[in-house]
Amino acid sequence: MRTRIKICGITRTEDARAAAQAGADAIGLVLYPSSPRYLSVERAVEIRDALPPFVQTVALFVNPDAAQVAQIIGRVHPAMLQFHGDETPEFCAQFGLPFVKACRVRPGVDALEYLRPFSRAAAWLFDSFVPEYGGVGESFDWSLVPALRERHLILSGGLSRENVAEAIRQVRPWGVDVSSGVESAKGIKDAGKIAAFIAEVRNADV
């Protein structure tokens, strides 16, 4: 199986193109105002328009209101939504688009119990538990990822070219999601790091 790859926190058109050229399946556009990778709607549209065919855009939210999500859908037209906050299953499912629900993993928290109500999600994403809601380069104990696969599993949190191959071998996720691990600064992607990360994913697949 080929592990799918999403490069998240894209803020520049050149980074979107670099991700696509290196073989990424999707890019993430952060619509969470408190994030250093936050995009205006206008900037998100510019980045979307810079992508070649067959590379998906994923709009990422943390505890948005429905009007904000509807505005992004109407202007940006993402292929998928990704929710990282305390959204309810009903909230996530109301927009008529496939969605990913994230769980921030830490010892003592039953990830499956948290995610099972989100049975309509296209995938469940397992991320590090950090106050900033991701993108800080911290990994977590991959043994905490449930072995039971009730939904496609996406692994995130502190991934980089140095550890992604081992993460794939250990967890066998459907996809991986990287942000800070391919950056030269917050929100600024490095084309060389993107290419190296994707090469390590492909090596692990083999």
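In the predicted model, the buried residues of helix 2 (residues 41–50) are Val 41, Ala 44, Val 45, Ile 47 and Ala 50. An α-helix has 3.6 residues a turn, so residues three or four places apart point the same way.

The axes of helix 2 and helix 3 come within 10 Å, with a crossing angle of roughly 40°. Helix 2 and helix 3 are therefore oblique to each other, and their crossing is right-handed. On the helix 2 side, the contact is made by Val 41, Glu 42, Ala 44, Val 45 and Arg 48; on the helix 3 side, by Gln 71, Ile 72, Arg 75 and Val 76. Classified by residue type, the contact of helix 2 with helix 3 comprises five nonpolar, one polar and three charged residues. Val 41, Ala 44 and Val 45 are listed among the buried residues of helix 2 and also take part in the contact with helix 3.

Helix 1 passes helix 7 in a right-handed crossing. Helix 1 contributes Asp 15, Ala 18, Ala 19 and Ala 22 to the contact, and helix 7 contributes Ala 191, Ile 194, Ala 195 and Ile 198. The residues of this contact of helix 1 with helix 7 divide into seven nonpolar, no polar and one charged.

In soluble globular proteins, nonpolar side chains tend to be buried together. In the present model the largest nonpolar core has 58 residues, and those with the most contacts inside it are Ile 7, Ile 27, Leu 81, Phe 83, Phe 126, Leu 155 and Phe 197. With neighbours within four places in sequence left aside, Leu 81 is in contact with Val 58, Ala 59, Phe 61, Val 69, Ile 73, Phe 95, Leu 97, Pro 98, Phe 99 and Val 100. A second, separate core consists of eight residues, including Ala 26, Val 100, Leu 125 and Ile 154.

Ala 79 lies in the loop between helix 3 and strand 4 (80–83). The relative accessible area of Ala 79 is 28%, which makes this residue partly exposed. Beyond neighbours within four places in sequence, Ala 79 is in contact with Gln 56, Thr 57, Leu 97 and Pro 98. The C-alpha atoms of Ala 79 and Gly 175 are separated by 16 Å, the two residues being 96 residues apart along the chain.

Technical notes:
Residues are numbered from 1 along each chain as its sequence is written. This is a predicted model: local features need pLDDT of at least 70, side-chain atom pairs count only at pLDDT 80 or more; totals for chains, interfaces and linings use all residues. Side-chain values use heavy atoms; hydrogens and water are left out. A crossing is left-handed if the near helix is turned anticlockwise from the far one by less than a right angle, and right-handed if clockwise. Helices (H or I, at least four residues) and strands (E, at least two) are DSSP runs, numbered from the N terminus. Contact means heavy atoms within 4.5 Å. Ala, Val, Leu, Ile, Met, Phe, Trp, Tyr, Cys and Pro count as nonpolar, Asp, Glu, Lys and Arg as charged, and the others, Gly among them, as polar. A nonpolar core is a set of buried Ala, Val, Leu, Ile, Met, Phe, Trp, Tyr and Cys residues joined through side-chain atoms within 4.5 Å. Buried means under 20% relative accessible area, exposed over 50%, partly exposed in between (1.4 Å probe, protein chains only). Axes are lines fitted to C-alpha atoms, for helices over the stretch in contact, and angles run from 0 to 180 degrees between N-to-C directions. Angles under 35 degrees count as roughly parallel, over 145 as roughly antiparallel, 65 to 115 as roughly perpendicular and the rest as oblique.
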